[in-house]
Amino acid sequence: MEFLIYFAVGILVTFIGAVPLGTVNISVINTTLRADARNAMKIAFAAGIAEIIISFYALHCSVMVADFINMNQWIQIMIAILLFLIGGVLFFKKQKETREKKFKMSKYVTGLFLGLLNPPVLVYWLFMISYLNQNNFQLNMNSSLAILFVFFSGVYLGKLLTLYGYSRFSILIKNKVQNIALMINRVIGVLLFVIGCVQLLKYMFS
(Lines give C-alpha, C1' and ligand atoms only; values in the text may rest on other atoms or scores of the structure.)
Protein backbone atom coordinates (compact mmCIF):
# COMPACT_ATOMS: atom_id res chain seq x y z
CA MET A 1 0.00 0.00 0.00
CA GLU A 2 2.84 2.40 0.85
CA PHE A 3 4.48 1.75 -2.52
CA LEU A 4 1.21 2.44 -4.32
CA ILE A 5 0.85 5.76 -2.49
CA TYR A 6 4.35 6.91 -3.50
CA PHE A 7 3.71 5.76 -7.06
CA ALA A 8 0.44 7.72 -7.23
CA VAL A 9 2.06 10.79 -5.64
CA GLY A 10 4.84 10.65 -8.24
CA ILE A 11 2.27 10.63 -11.06
CA LEU A 12 0.12 13.39 -9.54
CA VAL A 13 2.98 15.75 -8.67
CA THR A 14 4.53 15.34 -12.12
CA PHE A 15 1.17 15.85 -13.84
CA ILE A 16 0.57 19.11 -11.97
CA GLY A 17 4.02 20.38 -12.96
CA ALA A 18 3.81 19.19 -16.58
CA VAL A 19 0.34 20.47 -17.53
CA PRO A 20 1.30 24.17 -17.87
CA LEU A 21 2.41 24.89 -21.44
CA GLY A 22 6.21 24.77 -21.62
CA THR A 23 8.92 24.14 -24.19
CA VAL A 24 8.59 20.34 -24.10
CA ASN A 25 4.79 20.47 -24.44
CA ILE A 26 5.13 22.92 -27.33
CA SER A 27 7.67 20.69 -29.04
CA VAL A 28 5.34 17.68 -28.72
CA ILE A 29 2.46 19.67 -30.23
CA ASN A 30 4.62 20.97 -33.07
CA THR A 31 6.07 17.55 -33.88
CA THR A 32 2.64 15.91 -33.85
CA LEU A 33 1.33 18.47 -36.31
CA ARG A 34 4.37 18.59 -38.59
CA ALA A 35 5.29 14.90 -38.49
CA ASP A 36 3.24 12.38 -36.50
CA ALA A 37 2.45 11.20 -32.98
CA ARG A 38 5.15 8.50 -33.12
CA ASN A 39 7.91 11.10 -33.46
CA ALA A 40 6.25 13.28 -30.83
CA MET A 41 6.33 10.39 -28.36
CA LYS A 42 10.08 10.03 -28.90
CA ILE A 43 10.36 13.51 -27.41
CA ALA A 44 8.05 12.44 -24.58
CA PHE A 45 10.09 9.32 -23.77
CA ALA A 46 13.29 11.35 -23.50
CA ALA A 47 11.56 14.18 -21.61
CA GLY A 48 10.40 11.63 -19.05
CA ILE A 49 14.01 10.63 -18.44
CA ALA A 50 14.94 14.31 -18.10
CA GLU A 51 12.15 14.73 -15.54
CA ILE A 52 13.58 11.89 -13.47
CA ILE A 53 17.07 13.41 -13.64
CA ILE A 54 15.82 16.84 -12.53
CA SER A 55 13.64 15.49 -9.73
CA PHE A 56 16.42 13.21 -8.49
CA TYR A 57 18.88 16.10 -8.61
CA ALA A 58 16.45 18.25 -6.62
CA LEU A 59 16.09 15.42 -4.11
CA HIS A 60 19.85 14.96 -3.83
CA CYS A 61 20.89 18.57 -3.30
CA SER A 62 17.86 20.82 -2.98
CA VAL A 63 19.51 23.52 -0.87
CA MET A 64 22.71 23.62 -2.91
CA VAL A 65 20.83 23.84 -6.23
CA ALA A 66 18.65 26.71 -5.05
CA ASP A 67 21.72 28.64 -3.90
CA PHE A 68 23.52 27.92 -7.20
CA ILE A 69 20.64 29.32 -9.30
CA ASN A 70 20.42 32.42 -7.11
CA MET A 71 24.17 33.03 -7.34
CA ASN A 72 24.37 32.36 -11.10
CA GLN A 73 21.40 34.17 -12.53
CA TRP A 74 23.17 34.55 -15.89
CA ILE A 75 21.77 31.07 -16.59
CA GLN A 76 18.31 32.62 -16.85
CA ILE A 77 19.57 35.12 -19.45
CA MET A 78 21.14 32.36 -21.55
CA ILE A 79 17.92 30.35 -21.48
CA ALA A 80 15.86 33.42 -22.44
CA ILE A 81 18.17 34.11 -25.40
CA LEU A 82 17.93 30.50 -26.52
CA LEU A 83 14.13 30.63 -26.36
CA PHE A 84 14.16 33.86 -28.42
CA LEU A 85 16.30 32.19 -31.09
CA ILE A 86 14.18 29.03 -31.26
CA GLY A 87 10.99 31.09 -31.35
CA GLY A 88 12.36 33.26 -34.16
CA VAL A 89 13.39 30.24 -36.22
CA LEU A 90 9.96 28.64 -35.83
CA PHE A 91 8.12 31.88 -36.64
CA PHE A 92 10.03 32.68 -39.84
CA LYS A 93 10.76 29.13 -41.00
CA LYS A 94 8.86 28.06 -44.08
CA GLN A 95 7.39 24.61 -44.39
CA LYS A 96 9.60 22.06 -46.07
CA GLU A 97 10.03 18.35 -46.19
CA THR A 98 12.30 16.83 -43.58
CA ARG A 99 13.95 13.45 -43.93
CA GLU A 100 12.47 10.74 -41.76
CA LYS A 101 15.95 9.70 -40.63
CA LYS A 102 16.52 13.12 -39.09
CA PHE A 103 13.44 12.69 -36.95
CA LYS A 104 14.68 9.33 -35.72
CA MET A 105 18.09 10.68 -34.86
CA SER A 106 17.07 13.96 -33.27
CA LYS A 107 13.79 13.68 -31.38
CA TYR A 108 15.18 11.81 -28.40
CA VAL A 109 17.95 14.39 -28.08
CA THR A 110 15.41 17.20 -28.42
CA GLY A 111 13.22 15.80 -25.65
CA LEU A 112 16.16 15.27 -23.31
CA PHE A 113 17.65 18.70 -24.06
CA LEU A 114 14.40 20.64 -23.63
CA GLY A 115 13.53 18.63 -20.53
CA LEU A 116 16.84 19.36 -18.85
CA LEU A 117 17.09 23.00 -19.96
CA ASN A 118 14.19 24.06 -17.78
CA PRO A 119 14.99 25.87 -14.51
CA PRO A 120 11.30 26.42 -13.61
CA VAL A 121 10.89 22.63 -13.47
CA LEU A 122 13.86 22.34 -11.14
CA VAL A 123 12.45 25.08 -8.91
CA TYR A 124 9.09 23.29 -8.96
CA TRP A 125 10.67 20.03 -7.83
CA LEU A 126 12.67 21.75 -5.11
CA PHE A 127 9.43 23.18 -3.78
CA MET A 128 7.41 19.97 -4.15
CA ILE A 129 9.98 17.74 -2.45
CA SER A 130 10.16 20.18 0.43
CA TYR A 131 6.35 20.29 0.59
CA LEU A 132 6.00 16.49 0.54
CA ASN A 133 8.55 16.07 3.30
CA GLN A 134 6.66 18.59 5.41
CA ASN A 135 3.52 16.47 5.01
CA ASN A 136 4.75 13.12 6.34
CA PHE A 137 6.40 11.84 3.15
CA GLN A 138 9.97 10.68 3.56
CA LEU A 139 11.67 11.53 0.28
CA ASN A 140 15.41 11.88 0.64
CA MET A 141 18.60 10.04 -0.19
CA ASN A 142 18.11 7.86 2.89
CA SER A 143 14.78 6.51 1.63
CA SER A 144 14.72 2.86 0.63
CA LEU A 145 15.57 1.97 -2.95
CA ALA A 146 12.11 0.46 -3.38
CA ILE A 147 10.41 3.74 -2.36
CA LEU A 148 12.64 5.78 -4.67
CA PHE A 149 12.07 3.35 -7.54
CA VAL A 150 8.27 3.43 -7.36
CA PHE A 151 8.22 7.21 -6.87
CA PHE A 152 10.43 7.92 -9.90
CA SER A 153 8.49 5.35 -11.91
CA GLY A 154 5.43 7.46 -11.13
CA VAL A 155 7.33 10.58 -12.17
CA TYR A 156 8.19 9.04 -15.53
CA LEU A 157 4.67 7.76 -16.15
CA GLY A 158 3.13 11.10 -15.12
CA LYS A 159 5.31 13.00 -17.60
CA LEU A 160 4.62 10.48 -20.36
CA LEU A 161 0.84 10.54 -19.86
CA THR A 162 0.72 14.34 -19.83
CA LEU A 163 2.72 14.68 -23.05
CA TYR A 164 0.68 11.89 -24.65
CA GLY A 165 -2.43 13.90 -23.82
CA TYR A 166 -0.95 16.95 -25.55
CA SER A 167 -0.12 14.83 -28.60
CA ARG A 168 -3.65 13.40 -28.81
CA PHE A 169 -5.13 16.88 -28.46
CA SER A 170 -2.92 18.05 -31.32
CA ILE A 171 -4.22 15.23 -33.52
CA LEU A 172 -7.79 16.32 -32.86
CA ILE A 173 -6.90 19.86 -33.92
CA LYS A 174 -5.09 18.60 -37.00
CA ASN A 175 -8.05 16.48 -38.10
CA LYS A 176 -10.53 19.33 -37.71
CA VAL A 177 -8.52 22.15 -39.27
CA GLN A 178 -6.80 21.84 -42.64
CA ASN A 179 -3.38 23.37 -43.43
CA ILE A 180 -2.83 24.34 -39.81
CA ALA A 181 0.85 23.37 -39.47
CA LEU A 182 2.32 26.68 -40.62
CA MET A 183 -0.04 28.73 -38.44
CA ILE A 184 0.70 26.54 -35.40
CA ASN A 185 4.41 26.91 -36.09
CA ARG A 186 4.10 30.68 -35.87
CA VAL A 187 1.93 30.53 -32.77
CA ILE A 188 4.51 28.29 -31.10
CA GLY A 189 7.25 30.72 -32.12
CA VAL A 190 5.35 33.56 -30.44
CA LEU A 191 4.76 31.45 -27.31
CA LEU A 192 8.45 30.62 -27.04
CA PHE A 193 9.27 34.31 -27.42
CA VAL A 194 6.79 35.15 -24.64
CA ILE A 195 8.26 32.45 -22.39
CA GLY A 196 11.70 33.92 -23.05
CA CYS A 197 10.43 37.39 -22.13
CA VAL A 198 8.92 36.07 -18.88
CA GLN A 199 12.22 34.35 -18.07
CA LEU A 200 14.11 37.60 -18.71
CA LEU A 201 11.67 39.67 -16.61
CA LYS A 202 11.98 37.20 -13.74
CA TYR A 203 15.73 37.68 -13.86
CA MET A 204 15.49 41.49 -14.01
CA PHE A 205 13.06 41.82 -11.11
CA SER A 206 14.17 38.96 -8.89
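**H3 against H7**

I looked up how H3 and H7 pack: the angle is about 50° and the axes are 9 Å apart. Axes here are lines fitted to C-alpha atoms, for helices over the stretch in contact, and angles run from 0 to 180 degrees between N-to-C directions. H3 is therefore oblique to H7. The cut-offs are under 35 degrees for roughly parallel, over 145 for roughly antiparallel, 65 to 115 for roughly perpendicular, and oblique for the rest. I noted the crossing of H3 and H7 as right-handed. A crossing is right-handed if the near helix is turned clockwise from the far one by less than a right angle, and left-handed if anticlockwise.

I then listed the contact: H3 brings Glu51, Ile54, Ser55, Tyr57, Ala58 and Leu59, and H7 brings Val121, Leu122, Trp125, Leu126 and Ile129. Contact means heavy atoms within 4.5 Å. By class, I have 9 nonpolar, 1 polar and 1 charged residues for H3 with H7. Ala, Val, Leu, Ile, Met, Phe, Trp, Tyr, Cys and Pro count as nonpolar, Asp, Glu, Lys and Arg as charged, and the others, Gly among them, as polar.

I checked Tyr57, which is found in helix H3. Tyr57 is partly exposed, with a relative accessible area of 41%. Buried means under 20% relative accessible area, exposed over 50%, and partly exposed in between (1.4 Å probe, protein chains only).

**Basis of the entries**

The model is predicted, so I note that local features need pLDDT of at least 70 and side-chain atom pairs count only at pLDDT 80 or more, while totals for chains, interfaces and linings use all residues. Residues are numbered from 1 along each chain as its sequence is written, and side-chain values use heavy atoms, with hydrogens and water left out.

**Whole chain**

I counted elements next: the protein chain has 9 helices and 0 strands. Helices (H or I, at least four residues) and strands (E, at least two) are DSSP runs, numbered from the N terminus. Of the 206 residues of the protein chain, 41% count as buried. Among contacts in the protein chain with a separation of 6 or more, 89% come from residues 24 or more positions apart. The accessible surface is about 12000 Å², and carbon and sulfur atoms hold 71% of it. Those areas come from the Shrake-Rupley method with a 1.4 Å probe; for residues, only the protein chains shown count as cover.

**H2 against H3**

I went on to helix H2 (residues 23–34) and helix H3 (residues 37–60), which pack at an angle of about 160° with axes 7 Å apart. H2 is therefore roughly antiparallel to H3. The crossing of H2 and H3 is right-handed. From H2, Val24, Ser27, Val28, Thr31 and Thr32 meet Ala37, Asn39, Ala40, Ile43 and Ala47 of H3. The residues of this contact of H2 with H3 divide into 6 nonpolar, 4 polar and no charged.

**H1 against H7**

Helix H1 (residues 2–18) and H7 pack at an angle of about 140°, and their axes are 11 Å apart. I noted the crossing of H1 and H7 as right-handed. The contact uses Val9, Val13, Thr14, Ile16 and Gly17 of H1 and Tyr124, Trp125, Met128 and Leu132 of H7. Its classes are 7 nonpolar, 2 polar and no charged residues.

I checked two residues of H1. Leu4 is found in helix H1 and counts as exposed at 55% relative accessibility. The C-alpha atoms of Leu4 and Gly154 are separated by 9.5 Å, although the two are 150 residues apart along the chain. Ile5 also has its place in helix H1, and is partly exposed with a relative accessible area of 38%. For Ile5 and Val150, 145 residues apart along the chain, I have a C-alpha separation of 9.2 Å.

**Two residues elsewhere**

Ser143 lies in the loop between helix H7 (119–133) and helix H8 (145–176). Is Ser143 buried or exposed? Ser143 is buried, at a relative accessible area of 12%. Leaving aside neighbours within four places in sequence, Ser143 is in contact with Gln138 and Leu148.

Gly165 is found in helix H8 and is partly exposed, with a relative accessible area of 34%. The C-alpha atoms of Gly165 and Ile29 are 9.9 Å apart, and the two residues are 136 apart along the chain.
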